[in-house]
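Please read them with the structure open beside you.

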Amino acid sequence: MAIKVGIAPDSWGIWFPNHEKQTPWQRCMDEMAQAGYEGVELGPWGYFPNTNPALKQALDARSLTLVAATVGADFLDDDSVDGMCATIADMSALMADFAQAKYIVLLPGMYTDLQTGEVVMNPQLTDEQWKKYAANVQRAADAVSIHGLVPAFHPHVDCHVQTEAEIERLLEDTDVGLCFDLGHHVYGGGEPISFYRKHSDRIPYIHIKDCDMKVKARMDAEKWSFARAVTEDIMVEPGRGSIDFKQMYAALTEKGYDGWVVVEQDLFPVKSFDIPYPIAKRTRESLREAGFK
């Protein structure tokens, strides 16, 4: 068994392929290596170079390896999922050059506007809508599997699969595995350690994140958007929120987890490009103390 620790561009406040408030990709990649991480996710498609040899040369120069890619879609919209499947084909071709790049994370659309928090889709699905949603998740997962890669659906804040009951319904109605994001799970009212133990056979990939439930309570009371909550530090460094990472590590070893855990702390937009690196470095040290060597 081997648990390896990677990091995602999200920990540098990267939410978009291009944005003036985002750290330049070269600096982000430099700091990932300097902070002590072995592997990285691609982040938004087009942020890091997404062709080879450009990406491979950039990672090799920093002794980093690619472990996963992420692609999003509205699973209630067939056209959106068509676009997701086309991007999956492009990602799979790129990832073929990296031995440890096994996972494609399937990210669902949110039912709230990321900036304003306004509800833009009904949070509750009818049975027919759920049937379409689950079928499209399965379709996207199959599009990943056909390339020999591992699909991992990411339950997310303000999406139709967020709570433990919703996640279990998806597990029952599809054969897709999860990208189990610990911080999003807590945000959605769940308890990640017991949930992992219960469903470890369906969790091939994990995002390390922590959530400050005091900030969550303020968010709920004052009706902030998720984007606003991120600026108020709702997602915090591991060990500074509500998750016991020593116990999480114990659960992983108990169940024989063999693969990557990837730090992904929501930080967009960072107030200064100097902010992410010290956080990433402290996070790596705190994870070592929790057992993640």
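1. A crossing of two helices is called left-handed if the near helix is turned anticlockwise from the far one by less than a right angle, and right-handed if it is turned clockwise. In this model, which is predicted, helix 4 passes helix 5 in a right-handed crossing. The two helices, residues 127–145 for helix 4 and residues 164–173 for helix 5, pack at an angle of about 65°, and their axes lie 10 Å apart.

2. The residues that make this contact are D127, W130, A134 and V137 on the side of helix 4, and E166, R169, L170 and D173 on the side of helix 5. Sorted by class, the contact of helix 4 with helix 5 has four nonpolar and four charged residues, with no polar residue among them.

3. Turning to the strands, eight of them form a closed barrel in the order 1-2-3-4-5-6-7-10, and the pairing is parallel. From one strand to the next, the twist averages 30°.

4. Two of the pairings can be followed residue by residue. Strand 2 (residues 39–41) runs parallel to strand 3 (residues 65–73) and is joined to it by three bridges, with G39 standing opposite T65 of strand 3. Strand 3 also pairs with strand 4 in the parallel sense, over six bridges, and here A68 has Y103 of strand 4 as its bridge partner. Strand 4 (residues 103–108) is largely enclosed by the rest of the structure, because five of its six residues are buried.

5. How many disulfides does a search of the whole structure find? The search finds zero. A disulfide is a covalent bond between the sulfur atoms of two cysteines. For C159, the closest cysteine sulfur is that of C179, at 12 Å, which is too far for a bond, given that a disulfide is counted when the sulfur atoms are within 2.5 Å. C179 is likewise in no disulfide, the nearest cysteine sulfur being that of C159.

6. Some backbone geometry deserves a look, because most residues other than glycine have a negative phi and most peptide bonds are trans. The peptide bond that joins N52 and P53 is cis, with omega about 15°, and P53 sits in the loop between strand 2 and helix 2 (54–60). A cis peptide bond also leads from F268 to P269, with omega near -10°, and P269 is found in the loop between strand 10 (259–263) and helix 11 (276–289).

7. S63 has a phi of about 55° and is placed in the loop between helix 2 and strand 3, while K223 has a phi of about 60° and lies in the loop between helix 8 (213–222) and helix 9 (226–231). Are these residues buried or exposed? S63 is exposed, with a relative accessible area of 65%, and K223 counts as exposed at 72% relative accessibility.

Definitions and conventions:
Residues numbered from 1 in each chain as written. Predicted model: local features only at pLDDT ≥ 70, side-chain atom pairs only at ≥ 80, totals over all residues. Heavy atoms only, no water. Axes fitted to C-alpha atoms, helices over the stretch in contact; angles between N-to-C directions. Helix = DSSP H or I, 4+ residues; strand = E, 2+ residues; numbered from the N terminus. Contact = heavy atoms within 4.5 Å. Nonpolar A, V, L, I, M, F, W, Y, C, P; charged D, E, K, R; others polar. Pairing = 2+ DSSP bridges. Buried < 20%, exposed > 50% of the residue type's maximum accessible area, 1.4 Å probe, protein only.
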